[in-house]
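Colleague: Could you take me slowly through one part of this model? I'm new to this, so please spell out the terms.

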Amino acid sequence: MNTAPSANGIYFFLRDVFGIKRQHNMATEKRSRQVIAVSIIGAIFGSLFSLFNFFTPEMKLLSFVELFTVVLLLLACLTGRRDSFVAIAENLVIFAAFCTVGALIVLGGREGTGLFWAYTAPFLVFLLKGQRLGWWYSLGLLALVTLYLISSHLFCSHAYQYSPVVISQFIASLSFYTLIAASVNHLRTKFEEQLQKQVSLKTADSQKLLAQLQFFATHDQLTKLPNKVMLIDMLKKQIDEINLSEQLLVVYIVKLDRLFEISTILGSVGADQLVLRIAEYLGRFVEAKGILAHTHRDEFVISYQANRTSFNAEELSLFFAERQVSIEIQGHFIYCDVTLGLALYPDHDTDPRLLINKAQQAMLQAHENKQQWLTYDPKHEKAFVRHHLLFGKLQAALIQHHLKVYFQPQIDLLTGVVVGAEALMRWHDPVEGFISPEEFIPVAEESGLILPLTSWLVDVCMQECATWHEQEFKLHMSINLSARNLLDPELVQTLQISLKKYDLSATDITLEITESCFMRSPERSMEVIRRLHQIGFRLSIDDFGTGYSSLSYIKNLPISELKIDKSFVRKLLLNSGDQAIVSSTIDLAHNFELQIVAEGIEDEGTENWLRIRGCDIGQGYFFAKPLASGDFLSFLLTNLMENSNHGNQ
Ligand code: C2E
Ligand code: CA
Ligand code: CA
C-alpha cells in the first residue's frame, strides 16, 4: 500500500493549517466549556506564579500583572457561561495571556527567560480562536513582540535588554512555534471530528440495532406481525375495552395444515412465500376490525370484538372457502389448507393466554375430526391434554428405550410356512402400561417425531431380519411407513444405510404404505415410491379397501402387494358384503400380478375361506399375535417343526 502523502494531500493539509477554508465551527456549548476550563487552569497557575513572584523583590511588578490576569481570567470564567458572551470570554483569556507574555518580555522574568513563555501563546490562541483567527491573533502577537524587541532600547530603563542574537533567535522560534501550534490545532480538530463521526455512526448503528431488537421481541421476523408476547398485551387491552352486555371477543387460531410437507418440497423459501401469502389474506380479513398475530411458523391468531347477536362463527371459514390460498412456483400452484379453532371471551375463558389455549384445543380437535373449524367445547379439553401429554412422554420414551418392536408372522396360506413378518411398534410406559400405536402413532405423525421413530424402527427391523437370515429363515420384513416418511428427504438414505449395515438386499424388505399417503402430496410421494422401487424394495398398499382404493394407483405405482384391511377379514364369514369385497380384491390383485395379503384372520374358517379363494398370505391372531423378538424365533421353530411333520406324514 502506498502510504506516501500525495501532492493533493499536502495541499489540503497546508490549506487547512493556514485556515484558508476552515474556521472555528465548534459548537458554542463546547467553546463555552473550553474557555471556562482554560480560564480556571490559567487562574490557578496565574495565582501561584503571582504569589511566588510577590515574594521576590525584582519580580513584584510581574506579580501584580499576573494578579491582574487572574482577575481577567475569572471574569472570562464568568462570562464564558453565557452563550452570547463566549467570544468575549475567549478574547479576555487571550488578552490576559498577551498581558502576561508582554510583561514577561518587557520585564525579562528571571534572567531574561520570561521571553520563552511567549511560545505558549500561539497554542492557546489556536485552541480558542480556531485555524483562521488563530493566525491573525498569532501574527499580531508576533508583529507586536518583534516591533517591541527591535525598539526596546528606546523604552524605559525598567525594560529588560535582550541581545540581538537572542532577539533574532526568539523571533525565528516564535514563528516556528506558531506554525507548530497551527498544525497541532488542525490535527487535533481533525481527530476530534473523525472521532465524533465514528461515535455518531456507532451510536446510529446501535440505536438501529436496539430498535430492531425491540421490534423483533414483539413481532415475527418473517411477517413482521405481532408475536405471542405482543398479542397477549393486545388481547388484554381488547378485553378492557369490551362492553360485556352486547359484545364478545372472538379469538381464532389459524393453523396452516401442511407447512412441513410444503417446506420439504419447496424448501424454506417457498414455504416462507406461502406464509406471507396467508398473512396477506388474513390481513384482508381482519383489516381494521381487530388484531392479526403470527404466533408460530404455521400458526396465526385473529382476534376482534363482535356483536353477540350478529356474530357468525363460520365467518372466517367462509372467508377461506371463497378463496384458495396458493402460490405459483415454476408454473405449479401449491395450495395450503388451514384448520381453524375458535374461543370466545368471556364464554370460554377470561384470561388471554387461556383463551388462546382453548382456541388451540378447538383447532386440534377440528384437525383430528378432519373438519375445517370448530368452536371450543370443554369436552375437547381431555383429548387435547392427552395429546400433549403423549407428545411429551413419547419424546422421553424414544430416548429411554421404552419403545419396542414386535413382529407378527405372515403365513403362506397354501403351505402354512412363515414367509415374513410385519413390524409393529409397542410402547410400554412404566406408569401407564401399554399405550396403543393407534393412539401414539398419530401424535408422532403430527409432531414430526415419526421421523426419528422410523429411523430407529428401520435399524431395529433390518438387524432382526439379518438375524433370521443368519439362522436360515429366509423371511422378508414388512415395515409401516407414514405419509410424513414419504416426504422425508432422508428416508431413502436411511434405508440404504441400514441395508448396507446389515448386509441385506432391498428385496427382503416390504414397505407398507396406505392410500392416504398419496392424498397429501401425490407427485412427491409417487416420486419417492418410484425411487424406492428402483432400489429394489417391495411396496405394499396397506389397509386396502378403506380409503379411496383408486385403481389408478394400482395401475401407475410400482407396487408388489395389496393388503386387505382387517375390518373386511375379521368377520368375513358372517358378512356376505365383506366376502364380496375380499374375493374381488383377491381377483383384482391377481389380475395385476400382485401378491395379496389378508390381515386380521382370527379363526380357522376365515383362513380356509381365504385359501380357497386364492389369497396368498395370511396374518392374524389365529396364527399369532405380534411377538417380541425371542418369542417370534420360538414361533418360527415350532412352525418349522410342524411343517416338516406335515411333510413327513
Ligand atoms: P396396521 O399397519 O394395519 O397394523 C395391523 C394392526 O392389526 C396391528 O395393530 C395388529 O396388531 C393388528 N392385528 C393383526 N392381526 C389382528 C387380528 O387378527 N385381529 C385384530 N383385531 N387385530 C389384528 P397395532 O399393532 O395396534 O397397530 C395399529 C396401527 O398402528 C397399525 O395398523 C399401523 O397403522 C400403526 N403402526 C403400528 N406400528 C407402526 C410403525 O412401526 N410405524 C407406523 N408408521 N405405523 C405403525
Ligand atoms: Ca401395516
Ligand atoms: Ca393394515
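Modeller: The second largest pocket holds about 680 Å³ of space. A pocket here is an open set of points on a 1 Å grid over the protein atoms alone, where a 1.4 Å probe fits and protein lies on both sides within 12 Å along at least five of seven lines; points join across faces, edges and corners, and the volume is what probe spheres set on them fill. This is a predicted model, where local features need pLDDT of at least 70 and side-chain atom pairs 80 or more, while totals for chains, interfaces and linings use all residues. Residues are numbered from 1 along each chain, chains are lettered from A and ligands numbered from 1 as written, and side-chain values use heavy atoms, without hydrogens or water.

So who lines this pocket? Helix 2 (28-54), helix 3 (60-79), helix 4 (86-107) and helix 5 (120-150) each give two or more residues to the lining; helices are DSSP runs of H or I, at least four residues, numbered from the N terminus. Helix 2 supplies the largest share, 8 residues.

Asp, Glu, Lys and Arg count as charged; Ala, Val, Leu, Ile, Met, Phe, Trp, Tyr, Cys and Pro as nonpolar; the others, including Gly, as polar. For contrast, the shell around ligand 1 has 8 nonpolar, 5 polar and 9 charged residues.

How values were computed:
On a 1 Å grid over the protein atoms alone, a cavity is a set of points where a 1.4 Å probe fits but cannot get out, and a pocket is an open set with protein on both sides within 12 Å along at least five of seven lines; lining residues have an atom within 4 Å of a point.
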